[in-house]
Amino acid sequence: MPLAVGACSSSELPPPKTSTSKTSASDGAEAAKSVLEKGIIEMESLGDGSGVLQRNFGNSLVSVPDNVLSLAFAFTCTGGAKVKLTLTTAGKDAAAGTLVCDGSIFQQSINTAESGPVGFSAVTADGASGGYAYAYYVEKKNHS
């Protein structure tokens, strides 16, 4: 099944907020989650989440169903910060890169032939503001 991805223009994102209050931080997380939900459609989710940007954050999908041959990882963030993102599968780095948190959706296909957890870790600069959202989607299944 093809991955449906869309990017929102900056006019679709809420304006950046200068306040660092808890309310504005959670607004950033909700904005990021909304971008991801609108951009990825018609795919079976294995796990997802969102939150406020922090210096170090990440998530692991502890188990992938045996019939899943590959999955798609999608990530987005808001607030203008830069995020260094590293994807891992079965304890090995699968992909890495630096993203700007502008509401664009980053996606990466991950082969799940090796058993073990799939996950990501992210690092931002101290004082970064904004939100993030991620999801793991089934990309290819063995239907036998």
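**Briefing: an antiparallel sheet and its aromatic cluster**

Four strands make up an open sheet, ordered β1-β8-β3-β6, with antiparallel pairing; strands count as paired if DSSP finds at least two bridges between them. The edges of this sheet are β1 (45-52) and β6 (106-111), each of which pairs on one side only. From one strand to the next, the twist averages 15°, with axes fitted as lines to C-alpha atoms and angles running from 0 to 180 degrees between N-to-C directions. This is a predicted model, in which local features need pLDDT of at least 70 and side-chain atom pairs count only at pLDDT 80 or more, while totals for chains, interfaces and linings use all residues. Residues are numbered from 1 along each chain as its sequence is written, and side-chain values use heavy atoms, with hydrogens and water left out.

**Overall architecture**

- The protein contains one helix and eight strands, taken as DSSP runs numbered from the N terminus (helices: H or I, at least four residues; strands: E, at least two).
- Read from the N terminus, the order of elements is α-β-β-β-β-β-β-β-β.
- Strand β3 (residues 68-77) runs antiparallel to β6 and is joined to β6 by six bridges; within this pairing, Ala 72 has Ser 109 of β6 as its bridge partner.
- Among contacts (heavy atoms within 4.5 Å) with a separation of 6 or more, 79% are between residues 24 or more positions apart.

**Confidence**

- The mean pLDDT of the protein is 79, and 78% of its residues reach 70 or more; pLDDT is the predictor's confidence in each residue, from 0 to 100.
- Residues 1-23 have pLDDT below 50, and this stretch has 25 contacts in the model beyond near neighbours in sequence.
- Where pLDDT is low, the predicted coordinates should not be read in detail.

**Nonpolar cores**

- Of the 144 residues in the protein, 40% are buried, meaning under 20% relative accessible area, with over 50% counted as exposed and values in between as partly exposed (1.4 Å probe, protein chains only).
- A nonpolar core is a set of buried Ala, Val, Leu, Ile, Met, Phe, Trp, Tyr and Cys residues joined through side-chain atoms within 4.5 Å.
- The largest nonpolar core has 24 residues, and those touching the most other members are Leu 53, Phe 57, Phe 73, Phe 75, Val 83, Phe 120 and Tyr 136.
- Two or more residues of this core come from each of β2 (56-61), β3, β4 (82-89), β5 (92-100), β7 (118-124) and β8 (131-141), and β3 gives the largest share, five residues.
- Another core, of 10 residues, lies apart from the largest one and includes Ala 32, Leu 36, Ala 74 and Tyr 137.

**Aromatic pairs**

- The whole structure holds 11 aromatic pairs, defined by Phe, Tyr or Trp (six-membered) ring centres within 6.5 Å; planes under 30 degrees apart count as stacked, over 60 as edge-to-face and the rest as tilted.
- Phe 57 and Tyr 132 are stacked because their ring centres are 4.2 Å apart and their planes lie at 25°; Phe 57 in strand β2 and Tyr 132 in strand β8 are 75 residues apart.
- Phe 57 counts as buried at 9% relative accessibility, and Tyr 132 is buried with a relative accessible area of 9%.
- Tyr 132 also forms a stacked pair with Phe 75, at 6.3 Å centre to centre and 15° between the planes; Phe 75 is in strand β3 and Tyr 132 in strand β8, so this pair ties together parts 57 residues apart in sequence.
- At 1% relative accessibility, Phe 75 is likewise buried.
- One aromatic cluster is formed by Phe 57, Phe 73, Phe 75, Phe 120, Tyr 132, Tyr 134 and Tyr 136.
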